[in-house]
Amino acid sequence: MKKLLSVLLSVMLLAGLLPTLAAADDDVVTVTAMWSGARPENEFTNETHEYIKETLGIDLQLTQVTENFEQQLALAISGGDIPDLIWMDYDTYVTYAKEGLFYDISDLVKNYPELMEYVDTNGSGDYCWDRMTVDGAIYGVPTRSVNKTMYTAAIRQDWLDKLGLKVPETLDELTEVLRAFTEDDPDGDGQNNTYGVSCTGLDYSSVFFGAFGATSFMDYLLNEDGTVTTNVISDNYKAALAYLHEIYEKGYMDPEVFTQSNSQTYEKFATGKMGYWPCWWSHGGSVYLKYGFKDNNPEGEVTMMYPIVGPDGASGLPATDPIWRTVAISYNCKNVEKVMELINWEITPYGWYTVQCGLEGDYFEMDDQGNVTWYWGLTGKSRRGDDIADMEIYKFIENLSLQQKLYVLDNSDYGAKRTAGIATCMTAPVYQNLFMGMYTDEYNSLNSELKTYYTNQTVKFIMGDLDLDKDWDEYVSTYLSMGGEKVRSSLLEKYNAEHGTAYTFAK
Amino acid sequence: MAAASLSSRKRSRMQRKYWEIYLLFLPVAVWYLIFCYIPMGGIIIAFKDFKILRGIAGSKWVGFANYAYLFSLPSFKKAVENTVIMGLQQLIFAFPLPILFALLLNEVTNLRFKKLVQTTSYLPHFISWSVAGGLVYMLLSPNTGTLNNLIVLFGGSPRNYIGISRYFHRIVLFSHIWKHLGWSSIVFLAAITGVDEQLYDAAYIDGAGRFQRIWHVTLPGIRNTIAVMLILESGNILSVSFNQIYILINDAVLDTGETLDYFVYRMGLSSANNFSVATAVSLIKSIVGLFMILGTNAASRRLTDGEGGIW
Amino acid sequence: MVKWHAMSRSERVFRVFNTCLMILIMVIMIYPFWYVLVCSFSSLSHIQNTTFILWPDGLHLESYQQVFRNELVPNAYLNTLFITIVGTSLSILLTIIGAFCLSRRSLPGHNLMTAFVVFTMLFNGGLIPTYLLVRELKMINTLWSVIVPTAINTYNMIIMRNFFSAVPQELEEAATIDGANQRQYLLRILLPLSGASIATITLFYAVDYWNAYFYSLIYITKRQLLPMQAILRQVLMTTEIETIMYDAAVQTLPSEMLKDAMIVVTALPIICLYPFIQRYFVKGVMVGSLKG
């Protein structure tokens, strides 16, 4: 009967008659969804699709957008084909929530305990719901970053061993390691062809800034005395630049740091062109599977590092926004409760593992206590083969702690380094941006402008095109006068008003 | 020719001829009306605060507010400046080279060799910028790049040229020439085939040397084509390839590398609530292009006695 | 042909110089494509550890196997072929008609028509109105959406018109005296004389249709309808997407060789079109027929 029904449904779908008939049929409803991605859709993902259809009664019609997601979403909206379920970043959510694109789910969310609990991970529930509230109503569900940061660093353990060095913990030790990696021929080929450090641009360099009590982002950091430091024009930031300029001048840092793409950095690490790699939690593990790391370095070994401690004892990494992405339902969706059910189901461990890995039995097993066994990367029981490892097209919810449980089960190098990477970013001290996720008119119109300016100037300071002693003051005053002052005052004013605080900017 | 001197038979034939042409033009005109002129109404959102849910008609008028915002941004002025520089250098340096290449290629006497050169010269056109840009990076890499290897060979020290602001415009120009030289020369080669062979023979008999023949026969023969191509090119002065900039730009050269198109992209203007500002930018490009075309067309007509214009 | 020893000194110098220059240009132009071709047949370690790649290290066909294992590829080829063949035919038809009309300089309203056409090169309504129009015409998720809205390239039409204008006025007068109407003049006299220009514009259209991906990514959401270039674009973009996500897509990341193989598979057929078109560039076609 079910089969007949599904055949019928697809026939009706082709005829374009579905909307009228589906309303009369409670069994299976069609839900359209849109997200940005380019993942394979194949017989394996179809299994998940069928499973969702049978158990939840939802025929999920997903549109994946490879590039220009916001543009494609805007076109769909302007044409009136609004997807029922939209997966987007927080900025886009706020923009459209203000315009009234989404269904008000303020009263609905409380009916889903798993959802409430998930959003409350690390006790950030109030904070997250507060930020999801636009003009007094909740229009979407946050998908959470349960990890505190994304950033960490990977280092070549075999190079350290060879040179008789230990994993550096302080900045001085790190500097010495970078020197040795550059000058003491760690790969033993008799050529001066290695760099101490290489990474992909300013974002990843944050690992260095942390040792000086700064980040490489446009953060606003709250001090203990109730003052707020504007990171990119602070003395700590300047000190970090001086250090980076020094290692750049000495040749410990790859000159291509600010011009290369992420895949180039990956490749350099995999082919042994550098030893210290400020990266994301996942990269250290991924390099075992990508770019032929083991083929190029049979002895190669990676260690994931904790943040470096600076000369004044400062240490930390830039905090990740607790709201990673958002999921919202269109205002004219006919099956709001069904969609909420789907979201809630994806939050439960069983649902999450199903959309992440594939169906139970074939790809994972879960017992009554919630212990999970994973069949990919472990025993090869998976039918999928090597080239299709990616089942996540129906996964709208992130959950790194559930993900971690999978990697712990994988005792390959890949799994081990990923586990270590997650451990770092779950526990490392972080620098929190006080105004995260806050918008003011000044911020909206000027922030991109400031970002371009500070990025460009910062890179020039590090590469020596600008002189820190001579040009720093002018940089600070230009930054403030071109809008930095307006933006930060507006943010602070809004923050103080909303939180009843009386913070001021540090001198 | 005075109309009065036409016989009535000839006039009626002329009129019939005109009607035939108008009728022939009709499908083309209809296509332009539907696919170009109807959507053109969308330009008004440059003067509106466009909200997608309200639609083009329902959005609020804001006059020149979007322009006021654009001109208040220092990076917009910088982007205009960079675009004009890159556009001009393409017009001045990259436009004449395909003509020169076509002329020289035309002088190759071995037909097989000529075809081979022609076929290879346009290959870069088929490599997308994301790959071509990767090759530019490879060539310029301070560690392994050919350019720096040569510099080291001659006793210099390697530099990361792609990360130095003042070289960026040149890198854009050279990579543009490399990618489009062969392809752009096709039109000129086709035009050269139309030059009357008898003129060459006559010039040869008159004792004209190779350069004189090029100068006095070939060039005048393709003069109108050059003029038309120049006029069309000049309208594109503010349209530096976005894909090229997107792949070559990096944090170190944001100041000299940002073009108008990249500016729109970086500001997120072409998405969500910013379509209005993006349209405002593109309208500026259109108007500048219009003036460029009108200007070059007028100049070209004057220089070629009214033949070399597009109208 | 003039014999080498009979040439003047400057003539010889020029020939040597010109040949060298052409060879140099050839090398510079061929290298990128050669590089992509070689990489597509190489192993990863060869690409990573060679500074200046000239030859592949053997014949590794894995990338090509992987390309053709993708179930979307055969369909994408058919889509691209359909778009290119149907699109080019439609475009050439409209362009010849338009260019012919615009080349009649004596026509009243000629300048107005030219302005009507040229204006659209500069001003366009942007993405949203065009999208709504295509949607209204029920072309979303059909291959027509990437053909019809871009059927005429004004740039090509102006070039074509310019070629038509170059045909001597006397021919038309002669034809008119013989009693030919405008359509007969176009079909019997103008077109046979315009081999090189029609070949050029055909090439331009065919290559444009073949390489187009932008509109297909906007108007087509059904993956089975995407052309090759859109698939290639997705493969190229996947590396960038990784940074947005939680980096879970480990093994689906395309390797360098896979990308290169995709480029070869996508670009090679259209490159092979050129030699066929090239014969129309042979000198004297027009002159010969004029004399005859």
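Predicted model: local features only at pLDDT ≥ 70, side-chain atom pairs only at ≥ 80, totals over all residues.

Visitor: Which residue of β3(A) is the bridge partner of Ala33(A)?

Guide: The partner of Ala33(A) in β3(A) is Leu85(A). Ala33(A) also has a bridge partner in β2(A), namely Leu62(A). Between β1(A) and β2(A) there are eight bridges, and these two strands run parallel.

Visitor: In which sense do β3(A) and β14 of chain A pair?

Guide: They pair in the antiparallel sense, over four bridges, with β14 of chain A spanning residues 323-329. One of the residues involved is Trp87(A), whose bridge partner in β14(A) is Val327(A).

Visitor: What is the order of the strands in the open sheet of five strands?

Guide: The order is β2-β1-β3-β14-β6 in chain A, and the pairing is mixed. At the edges are β2 (58-65) and β6 (140-144) of chain A, each of which pairs on one side only. On average, neighbouring strands of this sheet are turned by 20 degrees against each other, direction ignored. Helix α4 (residues 69-78) of chain A packs on the sheet and touches β1, β2 and β3 of chain A. The direction of helix α4 makes about 145 degrees with that of β1(A).

Visitor: How should I read the side chains along a strand?

Guide: In a regular strand the side chains alternate between the two faces of the sheet. Strand β3 (residues 85-88) of chain A shows this in its residues: Leu85(A) and Trp87(A) point one way, while Ile86(A) and Met88(A) point the other way.

Visitor: Are these four residues of β3 of chain A buried or exposed?

Guide: All of them are buried.

Visitor: Which strands make up the open sheet of four strands in chain A?

Guide: Its order is β8-β11-β7-β12, again with mixed pairing. Strands β8 (195-197) and β12 (302-305) of chain A stand at the edges with a single partner strand each, so one side of each has no neighbour in the sheet. Neighbouring strands here are turned by 25 degrees against each other on average, direction ignored. Within this sheet, strand β7 (residues 151-156) and strand β11 (residues 274-280) of chain A run antiparallel and are joined by five bridges. In β11(A), Tyr276(A) is the bridge partner of Ile155(A). Helix α9 (residues 171-183) of chain A lies across β8 and β11 of chain A, at about 155 degrees to β8(A).

Visitor: What does Tyr276(A) touch, leaving aside residues up to four places away in sequence?

Guide: Its contacts include Ala153(A), Ile155(A), Val177(A), Phe181(A) and Val197(A). As a general idea, nonpolar side chains in soluble globular proteins tend to be buried together. In this model the largest nonpolar core has 280 residues, and Tyr276(A) is among those with the most contacts inside it, together with Ala240(A) and Ile343(A). The element that gives the most to this core is helix α10 (residues 195-211) of chain C, with 11 residues.

Visitor: How many helices and strands does chain C have?

Guide: Chain C has 15 helices and zero strands. Of its 292 residues, 39% count as buried.

Visitor: Why does Lys138(C) count as exposed?

Guide: Lys138(C) counts as exposed because it has 10 C-beta neighbours inside 10 Å, and the cut-off for an exposed residue is 12 or fewer. Asn122(A), with 15 other C-beta atoms within 10 Å, is partly exposed.

Key. Residues numbered from 1 in each chain as written. Chains lettered and ligands numbered in written order. Buried ≥ 20, exposed ≤ 12 C-beta atoms within 10 Å, placed from the backbone. Pairing = 2+ DSSP bridges. Axes fitted to C-alpha atoms, helices over the stretch in contact; angles between N-to-C directions. Contact = placed C-beta atoms within 7 Å. Core = buried A, V, L, I, M, F, W, Y, C linked by C-beta atoms within 7 Å.
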